[in-house]
Amino acid sequence: MITRLAPLFLLTASFALGAGAAAQPTAAAACPHCQETTAPAAKTGAAFSKESIYQLDARFTDDSGHAFTLGELRGRPVVLTMFFASCGYACPLQVTDMQALRAQLPAGVRERTTFVLVSFDVVHDTSAVLAQYRAQRSLDGQWTLLHGTDDAVRELAALLGVKYKQEADGMFSHSNVLTLLNPQGEIVHQRIGLKGGLDEAAAALAAAAR
Ligand SMILES: [Cu+2]
């Protein structure tokens with residue numbers, strides 16, 4: 001998938017070079033939603049590395065209805081999982097573990113880290129449903145909840161090595177992968193499965209945040 005995205009990366013890189021001083025990463029960080037009408041390179045600053053999942057230029061939508069590209073997460077450590085709001089078992093446990101991981105982080109890392117949930121359920125998990133989920137789980141402003149098009153979700157899942165499938169009853173069977181990204185959007189650690197591994201994840205995130 002990274003290979004397939006390479007031409008896009010090159011395009012962004014050449015645009016960024018041409019844009020010169022106008023393409024400052026700090027401008028996007030100040031107010032990501034105020035930048036929607038600017039060109040992609042101006043919004044995200046310099047090009048992402050070949051290993052960065054932020055090369056994925058697909059547009060998601062957050063739970064307040066704003067368009068969101070993953071590159072907006074740049075500059076902060078990220079803990080990300082894919083989920084769906086009506087999941088009765090695995091996803092709630094993942095969110096609980098993300099909260100536990102957050103509590104385990106050194107204060108300086110915890111304050112900078114963004115926690116991201118991206119839904120598999122492109123039909124039911126609208127911004128309103130995600131906003132409701134945020135309220136139910138008491139997820140504060142350090143959490144970003146996203147839904148997207150079928151293509152965007154599939155491409156992200158492929159980049160993360162996450163498998164999922166919708167069953168006849170509308171529920172999803174899915175792998176449980178907690179992914180940690182460094183501030184450049186490169187995968188530094190993944191916890192596979194639902195048990196343990198939080199100490200390792202906290203250490204990996206602290207190391208990546210330096
Ligand atoms: Cu689930």
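The dialogue below goes through how to read a predicted model, from its sheet to its core.

User: What does the protein chain contain in helices and strands?

Analyst: This is a predicted model. Its protein chain has eight helices and nine strands. Of the 210 residues, 36% are buried. Among contacts with a separation of 6 or more, 67% are between residues 24 or more positions apart.

User: Which strands pair in the parallel sense, and which run antiparallel?

Analyst: Strand β4 (residues 114-119) pairs with strand β5 (residues 143-148) in the parallel sense, over four bridges. Within this pair, Val 116 has Thr 144 of β5 as its bridge partner. Strand β8 (residues 177-181) and strand β9 (residues 187-192) run antiparallel and are joined by five bridges. There, Thr 179 has Gln 190 in β9 as its bridge partner.

User: How many residues lie between β8 and β9 in their hairpin?

Analyst: Five residues lie between them, and in the turn Gly 185 has a positive phi of about 85 degrees.

User: Which side of α7 holds buried residues, and which residues are exposed?

Analyst: In α7 the buried residues include Ala 152, Val 153, Leu 156 and Leu 160. These four lie on the same side of α7, because they cover an arc of only 95 degrees around the axis. Asp 150 and Asp 151, on the other side of α7, are exposed. The buried residues of α7 pack against β1 (59-62), β3, β4, β5 and β8.

User: Which residues have the most contacts inside the largest nonpolar core?

Analyst: In soluble globular proteins, nonpolar side chains tend to be buried together. In this model, the largest nonpolar core has 41 residues, and Val 79, Val 116, Val 118, Leu 146 and Leu 205 have the most contacts inside it. Elements giving two or more residues to this core include α6 (127-136), α7 (150-160) and α8 (198-209). β3 gives the most, with five residues. Leaving out residues up to four places away in sequence, Val 118 touches Phe 60, Leu 80, Met 82, Leu 146, Val 153 and Leu 156.

User: Is Trp 143 buried or exposed?

Analyst: Count the C-beta atoms around the residue; 20 or more others within 10 Å make a residue buried. Trp 143 is buried because 20 other C-beta atoms lie within 10 Å. Its place is in strand β5. Trp 143 and Thr 114 are 29 residues apart along the chain, yet their C-alpha atoms are separated by 5.9 Å. Apart from neighbours within four places in sequence, Trp 143 is in contact with Phe 115 and Arg 134.

Key. Residues numbered from 1 in each chain as written. Predicted model: local features only at pLDDT ≥ 70, side-chain atom pairs only at ≥ 80, totals over all residues. Pairing = 2+ DSSP bridges. Buried ≥ 20, exposed ≤ 12 C-beta atoms within 10 Å, placed from the backbone. Contact = placed C-beta atoms within 7 Å. Core = buried A, V, L, I, M, F, W, Y, C linked by C-beta atoms within 7 Å. Arc of directions from axis to C-beta.
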